[in-house]
Amino acid sequence: MTPQAEVAARNDALLAWYEEHQRDLPWRRTTDPYPVLVSELMLQQTQAARVVPLFESFMERWPTVEDLASADAAEILAAWSGLGYNRRAVRLRQTARRIADEGWPTSAAGLAELPGVGPYTAGAIASISFGEAVPAVDTNLRRVISRWEGEPLEGRSLRDAAAQMVGDPAGSWNQAIMDLGASVCRPREPRCGGCPVNEWCTDPAVYTPPPRQAAFEGSRRQLRGALVRAHLAGEDLLEIGLALGRSEDEVRSAVGELDAEGLLPTREAGTVSS
Ligand code: SF4
């Protein structure tokens, strides 16, 4: 079999498996770019099971990109509560405003220019919603195709290999890789016995560790999240920060940072007490 024929056979097997085993997730019932965008931003750093209920209530409240573009920043942040990494919510609103004004970019390159939309998210939206034959390169895809190739791939070599392998339709292929990586080709102990592409995989022992997550307790992220929630609830920010065992200087500095990022909407910049 030629290398191209092997890639084609592996893609056929992967897509057939996906057809039968794909996870039923609400954002997969459509190719409309707006729900795809919202779900992809929510899924950055957050597991699908936690995203599902928040995604559903978010879409019910702001069913179109125009609705979101005209929504109040504080309401969006409140709806985002529970997902963490609140900057994503601010960027999503900025992106919605840009799209409402200028329309959707339809290529991965154009989508990657939007606030909060990196190369992975751009590839996912371009392939799922606009049919562009591009991979959505994330840690899942890196692990899976590194094992197919029999060596850890990174950077340029990873992107090039993924671009050569992407199947048709590319949106389903990207989602199939996502599901394969989540349920079969897991970081440790891949389930090769039940893997649909076993026949075309070079080395299951190739291990690409996921990026390390810094400890949450005592972190800046913990403080920032607590301050945003306290602000939305109208509580005293300094009290909340001190209760977490942080110094007044640290609380003031975090508040200044959050203000500058637009994460404390309607508050007077630099003030600490609500
Ligand atoms: S055979 Fe094993 S290592 Fe290779 S893709 Fe399938 S699960 Fe992953």
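1. Let's start with Gly-118, which is partly exposed because it has 14 other C-beta atoms within 10 Å. The scale here: a residue is buried with 20 or more other C-beta atoms within 10 Å of its own, exposed with 12 or fewer, and partly exposed in between, with C-beta atoms placed from the backbone. You'll find Gly-118 in the loop between helix H7 (108-111) and H8. Val-90 is 28 residues away from Gly-118 along the chain, and their C-alpha atoms are separated by 15 Å.

2. Before going on, a word about what you're looking at. This is a predicted model, in which local features need pLDDT of at least 70 and side-chain atom pairs count only at pLDDT 80 or more, while totals for chains, interfaces and linings use all residues. Residue numbers run from 1 along each chain as its sequence is written.

3. Now the overall build. The protein has 14 helices and 0 strands; helices (H or I, at least four residues) and strands (E, at least two) are DSSP runs, numbered from the N terminus. The C-alpha atoms fill a box of roughly 70 × 40 × 30 Å along the principal axes. Of the 274 residues, 35% count as buried. Take the contacts between residues at least 6 apart in sequence, and 62% of them join residues at least 24 apart. Two residues are in contact here if their C-beta atoms, placed from the backbone, lie within 7 Å.

4. Have a look at helix H2. Among the buried residues of H2 are Ser-39 and Glu-40, along with Tyr-34, Leu-37 and Leu-41. What covers the buried residues of H2? The cover includes helix H3 (48-61), helix H4 (65-69), helix H6 (87-102) and helix H8 (119-130). Just after H2, Gln-45 takes a positive phi of about 75°.

5. Met-42 sits in helix H2 and is buried, because 23 other C-beta atoms lie within 10 Å. Leaving aside its neighbours within four places in sequence, Met-42 is in contact with Val-51, Leu-54, Phe-55 and Leu-83. Tyr-85 is 43 residues from Met-42 in sequence, yet the two are 9.3 Å apart in space, C-alpha to C-alpha.

6. Which residues touch the most other members of the largest nonpolar core? They are Val-38 and Ile-125, in a core of 66 residues. This core draws at least three residues from each of domain 1 (1-212) and domain 2 (214-274). A nonpolar core means a set of buried Ala, Val, Leu, Ile, Met, Phe, Trp, Tyr and Cys residues joined through C-beta atoms within 7 Å.

7. On to the domains. The protein is divided into domain 1 (1-212) and domain 2 (214-274), with bounds that come from an automatic or database domain assignment. Their C-alpha centres lie 32 Å apart. The contact takes 9 residues from domain 1 and 9 residues from domain 2. On the domain 1 side, helix H5 (73-80) and H6 each supply at least two residues, and the largest share, 4 residues, comes from H5. That side divides into 5 nonpolar, 3 polar and 1 charged. In this count Ala, Val, Leu, Ile, Met, Phe, Trp, Tyr, Cys and Pro are nonpolar, Asp, Glu, Lys and Arg are charged, and the others, Gly among them, are polar.

8. The ligand shell is worth checking against the structure. The residues around the ligand include Cys-185, Cys-192, Cys-195 and Cys-201, as well as Arg-147, Arg-191 and Asn-198. The shell divides into 9 nonpolar, 1 polar and 2 charged. A residue counts as near the molecule if its C-beta atom, placed from the backbone, lies within 6 Å of it.

9. Last, two backbone details to inspect. Most residues other than glycine have a negative phi, and most peptide bonds are trans. The peptide bond from Asp-168 to Pro-169 is cis, with omega near 5°, and Pro-169 lies in the loop between helix H10 (155-165) and helix H11 (170-183). Glu-189 has a positive phi, near 50°, and is found in the loop between H11 and helix H12 (220-232). Is Glu-189 buried or exposed? Glu-189 counts as exposed, because 7 C-beta neighbours fall inside 10 Å.
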